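Please keep the sequence and the model in view while reading.

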Amino acid sequence: MAPWWSERFANPSNRLHRPALEAAAAVELARRRLAEAVGGEAEGVIFTSGATEAANLALKGVAEAAEERSERRRGLVTLATEHRAVLDPLVWLARRGFPVTVLPVGRDGLVDLDQLADVVGPDTLLVSVMAANNEIGVLQPLAAIGALCRERGALFHCDGAQAVGHIPLAMEELGIDLLGLSGHKLYGPKGVGALVRRPGVALAPQQHGGGQEGGLRAGTAAVPLIVGLQSALDLALADREARAERLKALRDRLWEALEGLEGVTLNGHPGARLAHNLNVSVGGVDGSRLHQLLRRHLAVSSGSACSQGSPSHVLAALGRSRQEAAASIRFGLGRATQPAEITAAITAVTEAVAELRRPP
Ligand SMILES: *Cc1c(COP(=O)(O)O)cnc(C)c1O
């Protein structure tokens, strides 16, 4: 990223001089690499400030384009466990007259495909289901959802923020029409992401101005961040399988140890989940005291960084009470995680739980 902040500072939208053309070439290279990585088309890549903007552009953009063409299809379908970046734009659209259906999930966090098939019909404009859940790591059956959407003529939007760079994801194969992703979820910089659109999907821009990104996202491209996103993606893809295998072994060791503690239960499907995620609930302890004790040793949370202290809507959708949701621990393992840290985490949780259960 470094040269693009300083000596290679030109604006890629300017097509008249060489430094600008070089910056534009760097952005186009990133666009091609990103499209290849997700099985999409380079011309469909729209760089954004992150996955939140990508989801807003996808959902509001599709709805507005449908309205402009007076389409009969206006229904929007999603799951209760989606990220706020999807749920909140849908609430906004519901207030503007788009019928929104929020489906529950099973206790394992997975969509019920029969239930989905019941609600996706001739009035459905778009189905939005994430690839991997940010709190519980659950992987939704994207191919089946994509096939259903194709069959019923609905668009399929997928929030891929937690999946791109971590699991294989091919838009064309999975029937995904719109895929969002975020740089900082794959070891890239914060403040950059993309929406990858299948060419031909009607989308109304949500930001107007200089006509950048094919007229779909005006504003000067963030060249250093886009170059950083591409480099991070290259690196993430290079060790994806080896990293997932290593982290899965560490995660399984962590779970096997915690499972042995009384009252500890897993949140989310045991198999259909990201290799580096573990989310557990600890029965019969006070959540705030648990996290107070864990804070000394670990950087873990109970819900999402984006939920600002309110109880997790994801754990609620799994049937967890407020108290159980508060006494939940979300572990995220990463490229830097070492076996000794897993041992330390096991000790920290074991001691915290023992302390909270010690009779007064
Ligand atoms: C982090 C995240 C987002 C928001 O991404 P930003 O790039 O931070 O805006 C959206 N969806 C999911 C699933 C996420 O994990």
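## Basis of the report

The model is predicted: local features need pLDDT of at least 70, side-chain atom pairs count only at pLDDT 80 or more, and totals for chains, interfaces and linings use all residues. Residues are numbered from 1 along each chain as its sequence is written, and side-chain values use heavy atoms, with hydrogens and water left out.

## The ligand and its surroundings

The residues around the ligand are Gly-50, Ala-51, Thr-52, His-83, Met-130, Asn-134, Asp-159, Ala-161, Gln-162, Ser-182, His-184 and Lys-185. This shell divides into three nonpolar, seven polar and two charged residues; Ala, Val, Leu, Ile, Met, Phe, Trp, Tyr, Cys and Pro count as nonpolar, Asp, Glu, Lys and Arg as charged, and the others, Gly among them, as polar.

Polar contacts are pairs of N or O atoms within 3.5 Å; within protein, one must be able to donate a hydrogen and the other to accept it, and residues adjacent in sequence count only if both atoms are side-chain atoms. An N or O atom in the side chain of Thr-52 is 2.6 Å from an oxygen atom of the ligand, and a polar backbone atom of Ala-51 is 2.9 Å from a ligand oxygen atom. In the side chain of Asp-159, an N or O atom is 2.6 Å from a nitrogen atom of the ligand. Of the 380 Å² of accessible area that the ligand has on its own, the protein covers 89% (Shrake-Rupley method, 1.4 Å probe; for residues, only the protein chains shown count as cover).

## The seven-stranded sheet

Helices (H or I, at least four residues) and strands (E, at least two) are DSSP runs, numbered from the N terminus, and two strands pair if DSSP finds at least two bridges between them. An open sheet of seven strands has the order S1-S7-S6-S5-S4-S2-S3, with mixed pairing. Strand S1 (45–48) and strand S3 (100–103) are at the edges with a single partner strand each, so one side of each has no neighbour in the sheet.

Strands S5 (155–159) and S6 (178–182) run parallel and are joined by three bridges. Cys-158 stands opposite Leu-179 in S6.

## The three-stranded sheet

A second open sheet, of three strands, has the order S8-S9-S10 and antiparallel pairing. Its edge strands, S8 (264–266) and S10 (328–332), each pair on one side only. Three bridges join S8 to S9 (277–282), and the bridge partner of Leu-266 in S9 is Val-280.

How values were computed. A residue is near a molecule or strand if one of its heavy atoms lies within 4 Å of it.
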